[in-house]
Amino acid sequence: MSSAHYQALEPQTSDEDNEDIERRHHQSHSRSCTTNTTATHPPHPMVRKGGVARRRCLLPLLGGALFLVAFCYLTLSGDTRLALGLGGGSEDSEDGSHHGLDSMNFRPLNETVHICSESYEDRRQFMQDKPQSDYGQLPVIYFVTPTYPRREQIPELTRLAHTLLHVPRLHWLVADDQEKCNDFMDTLLYRFGMPFTHMVSPMPSKFRNEKPAPRGVANRRAALQWIRQHNFTNGILYFGDDDNTYDLRLFSEIRKTQRVSMFPVGLIADYGVSGPVVRKGKVVAFLDSWVAGRRWPVDMAGFAVNLEYMAQYPYVNMPYKPGYEEDLFLRSIGLQMNLIEPRGNNCTEILVWHTQTKSKKLGMVRLESKYLDDRSNLGALLHNLKLMGVTSTTESEGRNALISKNGREKPHSKILS
């Protein structure tokens, strides 16, 4: 993944040219000031000697400093100025127009997309008590799920899948934050029988030690690149995390998106909700407990985008800027307030919840390898759990695994031999 941070415009002179120009300017200015203080302007008897000359020497310096400040302000991108507390210039217009957001601010995606497995076949016969053929005219929802290896990964994807199984005309994009493909996940996704693409999209190493790290960005960027490579312009894009809870009505709502639709998300930060403020059927502002200069202070699960609309913006992007991913993505597609379509009964209903599973360290079971054969189920069970990233086995670490019968711990040899 290439870095997508905004960059300031650089002056067109080289470093050597700048140093030479500065040196000549300084020498000329020094001579001018020296001449002024001696020959050209003798001191007035009522004025302290050198006072006028010093003020005259300071005027060009002050003017140069003001010019430098103005130059730096104008060449900084709007988002850099925003982060420095300098305001966004023309980008802060009331209507949300983005005159300054062009190719100099957003770079086109150039990701390496590594596909592990995918299937365009929908093997589901019925969805919501209707045959698959009844849904043939609906636009496809491209449901992007960023995920990463952890103890809860497979359970969370399994739970999410059993929601998505009820949604017709959906292609599930699962982007995993690791270097190598996971064969167990390939098998799992295929077993669900819905169209899917499984890709690996690791976070660039230079971001891994940042606090906070831009989690999920590499995954979503890879999915955006996949959509762009396939030139899909008919369908709906939605970013759905693997630990959220989704009302099935959400999918019917976002499928009607013409440009960008928005809706409130429950269980967000201090207020327990994040979403648009709607008056007379129009989005006019936002309710969120963390604004931080974001023009679009919404959760990643709180909006959907029509692909035909998104295709108009060649620099669609999601920079590696923690906390600002949603805001900068929506800026990159030229969003304006009057384009937003409120969903969820004018944003009065919660159709998606930002639930989170409590994460724990990888489990460890101490058990001699000789007991992991086919004499019991434990060998196959613990092997599968290891493939899922849930637990592992050891012969030396920690306390021996507890195996009990009739309420009492029994030696492994007595039960497993």
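View 1. Beyond its neighbours within four places in sequence, asparagine 346 is in contact (heavy atoms within 4.5 Å) with Val278 and Gly281. An unreviewed UniProt entry annotates Asn346 as "glycosylation site", and such annotations may be inferred rather than shown by experiment.

**View 2. The largest nonpolar core.** This core has 40 residues, and those with the most contacts inside it are Leu237, Phe303, Met310, Phe329 and Leu330; a nonpolar core is a set of buried Ala, Val, Leu, Ile, Met, Phe, Trp, Tyr and Cys residues joined through side-chain atoms within 4.5 Å. Helix α7 (residues 217–230) gives the most to this core, with seven residues.

**View 3. Contacts of leucine 237.** Not counting residues up to four places away in sequence, leucine 237 touches partners including Tyr142, Val144, Leu224, Ile227 and Phe329. A second, separate core of 31 residues includes Leu164, Val174, Phe184 and Leu351.

**Notes.** Residues are numbered from 1 along each chain as its sequence is written, and side-chain values use heavy atoms, without hydrogens and water. The model is predicted: local features need pLDDT of at least 70 and side-chain atom pairs count only at pLDDT 80 or more, whereas totals for chains, interfaces and linings use all residues.

Terms used:
Buried means under 20% relative accessible area, exposed over 50%, partly exposed in between (1.4 Å probe, protein chains only). Helices (H or I, at least four residues) and strands (E, at least two) are DSSP runs, numbered from the N terminus.
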